[in-house]
Structure formats: C-alpha cells, structure tokens
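Here is a short report on one protein model. Have the sequence and the 3D view open while you read.

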Amino acid sequence: MNPCALCILLLGSFFPPALCITTADPALFINGIPYSTRSYWMRRANKALQDVTRSLCPFAAFGTAIVNHTYAQGLGDLICIGANQNGQTGNPSLHGEIAAIANCTAILTDPKGRFRLTPSEAQAAFADLTLYTNAESCPMCASAIRWAGFREYVYGTSIDTLICKGWGQIRIASVDVFRASFDLPSRTRLMGGVLANETDPYFLWQYDPTYPCPRGCSRSPDGMSS
C-alpha cells in the first residue's frame, strides 16, 4: 500500500474523514466549459509564477488566475493573476489566491481602468468569476474564495499530494470548508485535479532531493531553486 494512503487511512481511524472526498471528474464538460479551456487557464495559473516572481520555479510555487467565463466569448477573459509572495513581502497571509483576489479588487475598482466598478459592484462581480489555482487552497484561502462568492473554484494539485511530498498543511480539504459554508448566500462550484500531471511537478522537488528540479532552474546547496 502507498505509505501516504496508509497515513490517511490511519488518520481516518481517529479523525472524521476530510481528505478522501471525491470531486467531479475534471475532464467533464461542466458549466458549459470544456476541459481544454480548463487546461488553458490552469497553465496560465502556472505561468503567473514567472510573471509575478520573475522565477521559473519559485520554492512556494503557488499560482492563481482569475477568469470571467460568464460574459466573455471563447476561452474567457483574464481579469488578474497572483502568486504566493510570503517570501517577497514578509506577509504570511499573502498566498497566491489572496494576492489574486486583492489584485482583482484593485483592477475592478480602478477609476481609470477598463471596469471602473464601485466597491459594491466589485464585490458582486466575483459571482461571475472563476478562480484557477495550481494547488488546492489551504482553509484560509478556500474560506476567502467562499466569502468572495466566486462562481467556480478550480485547482490542480491536491492537498493530499502536498502532504505526501512534505508540505506542511492545515489538514482541512476545500470540500470540507465548502461543506461548512452553507450559511453563505452564494454558491461556488468546486473542481479539483485539473491538469494535475502538469501542476504536480511544481511541488514535488522541494523536499525530495531525488526529484529533479523543474525545467529551467537548478537546486542550490541549501535545497532551494536557483
């Protein structure tokens, strides 16, 4: 048996099951959007890492793209991006999703921008948007997604995978955050595992010295990318 699966199984003997919840097959045609479009935007969430951090493979490789599929034609309309900036700013809460939500708010309310929304209009606009993040959100970020009232939340790499590869996590899956948020007036569709074969490698090398660094970077003596 996979040791990580065994770990989760054993934990389930003592705690209510949290991480073993099934979400819809990400290849399905959900909300009228094909998997090819989902894949395109997940790759854009990966690319946000380089756009924001100027690194091909930052250690905390958590990237986000926020997209409007509701009123835009074709692939959709990119509203903003974000990436984990804890190390750059010293702000421990500035995860990729939080940064992207803040960036979108600034873009939507910019009086000289293309949207020029009031604060109340900007808040309402999140109901039309989809958040793509290359790894499942921590409970802080998943809660922020629910408070924002996004139409959809789509992730690549699962919390299970992050835990198995050495990442410290608060072990509350997004589906459990969503289950506990039924009092909120909005509804957000949750989809996981989208393009995980491409997002997983961004998180597999940091604590595993036998795993190769992503293309375009090398591991420094302290184990970080360079």
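The buried residues of helix α6 are covered by elements that include α4, β3, β4 (152-157) and α8 (174-179). Those buried residues are P139, C141, A142, A144, I145 and R146. Buried means under 20% relative accessible area, exposed over 50%, and partly exposed in between, with a 1.4 Å probe and protein chains only. Just after α6, G149 adopts a positive phi of about 80°.

This is a predicted model: local features need pLDDT of at least 70, side-chain atom pairs count only at pLDDT 80 or more, and totals for chains, interfaces and linings use all residues. Residues are numbered from 1 along each chain as its sequence is written, and side-chain values use heavy atoms, with hydrogens and water left out.

Next, helix α4. Its buried residues are G96, E97, A99, A100, I101, C104 and L108. Contact here means heavy atoms within 4.5 Å.

How far apart are the end C-alpha atoms of α4? They are 20 Å apart, which agrees with the 20 Å that its 14 residues (96-109) should span at 1.5 Å a residue. The expected span is 1.5 Å times one less than the number of residues.

Now look at D51. It sits in helix α2 (residues 35-53). Is D51 buried or partly exposed? D51 counts as partly exposed because its relative accessibility is 21%. Leaving aside neighbours within four places in sequence, D51 is in contact with R44 and I81. The D51 side chain makes a polar contact with the side chain of R44, at 2.9 Å. A polar contact is a pair of N or O atoms within 3.5 Å; within protein, one must be able to donate a hydrogen and the other to accept it, and residues adjacent in sequence count only if both atoms are side-chain atoms. A83 lies 32 residues from D51 along the chain, yet their C-alpha atoms are separated by 8.7 Å.

Finally, the whole protein. It has nine helices and five strands. Helices (H or I, at least four residues) and strands (E, at least two) are DSSP runs, numbered from the N terminus. The order along the sequence is α-α-β-β-α-α-α-β-α-β-α-α-β-α. Of the 226 residues, 46% count as buried. Among contacts between residues at least 6 apart in sequence, 63% join residues at least 24 apart.
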